[in-house]
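Student: Please take one part of this model and go through its surroundings closely. I would like a single connected account, with the cut-offs stated as they come up.

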Amino acid sequence: MSERGRVAVFVGPGRPFELREYPLPDPGPGEIVVRIRQANICGSDVHLWRGEMERMGRLPPTVLGHEATGVVVKLGPGAEIDSSGVALQEGDRLVWAYYVPCGQCPVCLRGEVHACATSLVTVHRPCELPPHFVGGFGDYYVVRAQQVRFRAPTELRDEELAGANCALAQVLFGFKRVGLQWGESVVIQGAGGLGLYAVAVAKDLGASPIIVIDASLHRLRFAQLLGADAAISLQEQPDPRSRTAEVHRLTGGWGADVVVEVAGLPDPYPEGIRMLARGGRYLALGSVVPGKTFAADPSLLIGPNRTIFGVSLYPPRSLLEAVRFLQRGRDRYPFHQLAAHVFPLEELDKAFATAATASAGKDLYTRVGVRPQGQESYS
Ligand SMILES: [Zn+2]
Ligand SMILES: [Zn+2]
């Protein structure tokens, strides 16, 4: 293949992305070359861009963007069938798990590949080495042989599909992890990308009531459109004690069965734990920046038998479930509005600046998308 393609290289926090061209590799056994249709800027991309994750080690020049979808350009030998047994051909749209577990450690052998130490470190790889196309913010991406991949249904739009990988799959798995039951009450702390998907999934699973907390009235309104039964504004109720009292009032005095942190900060933890019912479960999804802490009173967990679950990544099956959920729920939930604000690849710096603003809750859209080819949406 003599074709070339661009990637937007992340060379370090505070520095502009560098557009570089590389030759498009021929896919090896099990590999697939996809042309990116849309890649969204996830909260963790923003943390990396701001330099907030440097405690975990500095990244080599790499390509960010893991919440993406693309179209098959070339299938390597043996890649003609996806991970669910469906035949693949050039032109099919694809989603893929963005990490690779080691498959051999005690955690992997227990079946919890999302918790494997290797999984997280395989997300960001140096782009100076082949296959170069190692992230969503480029013209192409090379799906590695070990990455789970699924053919996407044709009726879904790029902006609906892009969010499956990461946000939606993670939320689906998170609720499974805490064992959310039909009729249980849920509080969602933060109505960003993860939070809004959490509303739709909780609704689909029969949770009631669903209470959302955020600073942005736009987002809270959108959360209600997706099925939230009650919205608590951080601006109207700045006192955590009054918000906790409100949650208890809305749950008949019991507190919430499940509280989900998707605010991306440790600040809501003490409040969220107090909002839990006896036996309640706290789902920690959003606050991924190392070194940011909260003060905890363990008796608030022990006495009332409350549990905290930390969830990162997702088992590959959750990605397939995410695609099916989008397919099943697209008439009820306006998923396409979640990443309706789209930039071309050349404006990635602007896109990140916008995403950083959006994450502060100032805008209606909650995920910023990037479309390298400037194409129209898929369908
Ligand atoms: Zn993500
Ligand atoms: Zn492992």
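Tutor: An axis here is a line fitted to C-alpha atoms, for helices over the stretch in contact, and angles run from 0 to 180 degrees between N-to-C directions. Helices (H or I, at least four residues) and strands (E, at least two) are DSSP runs numbered from the N terminus. The model is predicted, and local features need pLDDT of at least 70, side-chain atom pairs count only at pLDDT 80 or more, and totals for chains, interfaces and linings use all residues. Residues are numbered from 1 along each chain as its sequence is written, while chains are lettered from A and ligands numbered from 1 in the order in which they are written.

The part to look at is helix α5, residues 167-177. Of its 11 residues, 9 are buried, and the helix is mostly covered. Buried means that 20 or more other C-beta atoms, placed from the backbone, lie within 10 Å of the residue's own; 12 or fewer is exposed, and anything in between is partly exposed. The buried set in α5 consists of Ala-167, Leu-168, Ala-169, Gln-170, Val-171, Leu-172, Phe-173, Gly-174 and Phe-175. After α5 comes Gly-179, with a positive phi near 65°.

Take α6 to begin with. The axes of α5 and α6 cross at roughly 50° and come within 9 Å. The two helices are therefore oblique to each other; angles under 35 degrees count as roughly parallel, over 145 as roughly antiparallel, 65 to 115 as roughly perpendicular, and the rest as oblique. The crossing of α5 with α6 is right-handed, that is, the near helix is turned clockwise from the far one by less than a right angle, anticlockwise being left-handed. On the α5 side the contact uses Ala-167, Leu-168, Gln-170, Val-171, Leu-172 and Phe-175, and on the α6 side Gly-193, Leu-194, Tyr-197, Ala-198, Val-201 and Ala-202. Residues are in contact if their C-beta atoms, placed from the backbone, lie within 7 Å. By class this contact has 10 nonpolar, 2 polar and no charged residues; Ala, Val, Leu, Ile, Met, Phe, Trp, Tyr, Cys and Pro count as nonpolar, Asp, Glu, Lys and Arg as charged, and the others, Gly among them, as polar.

Now α11. Here the angle with α5 is about 105° and the axes are 8 Å apart, and α5 and α11 are therefore roughly perpendicular. Leu-168, Ala-169, Leu-172 and Phe-173 of α5 meet Ser-318, Leu-319, Glu-321, Ala-322 and Phe-325 of α11. This contact divides into 7 nonpolar residues, 1 polar and 1 charged.

Helix α9 (residues 268-275) is largely enclosed by the rest of the structure, because 6 of its 8 residues are buried. Those residues are Pro-268, Tyr-269, Gly-272, Ile-273, Arg-274 and Met-275.

Helix α8 (residues 240-250) packs on α9 at an angle of about 30°, with the axes 9 Å apart. That angle makes α8 roughly parallel to α9. The crossing of this pair is right-handed. Pro-240, Arg-243, Thr-244 and Val-247 of α8 meet Glu-271, Arg-274 and Met-275 of α9. The α8 contact with α9 has 3 nonpolar, 1 polar and 3 charged residues.

Leu-250 is among the residues touched by Ala-230, along with Pro-209 and Ile-211, not counting residues up to four places away in sequence. Ala-230 lies in strand β10 (residues 230-233) and is partly exposed, because 18 other C-beta atoms lie within 10 Å.

Finally, the wider setting. The domain assignment, which is automatic or from a database, gives domain 1 as 4-152 + 340-371 and domain 2 as 168-310. Their centres, taken over C-alpha atoms, are 29 Å apart. In the contact, 13 residues of domain 1 meet 15 of domain 2. Helix α1 (residues 43-50) gives the most to the domain 1 side, with 3 residues. That side has 3 nonpolar, 6 polar and 4 charged residues.

Technical notes: Two residues are in contact if their C-beta atoms, placed from the backbone, lie within 7 Å.
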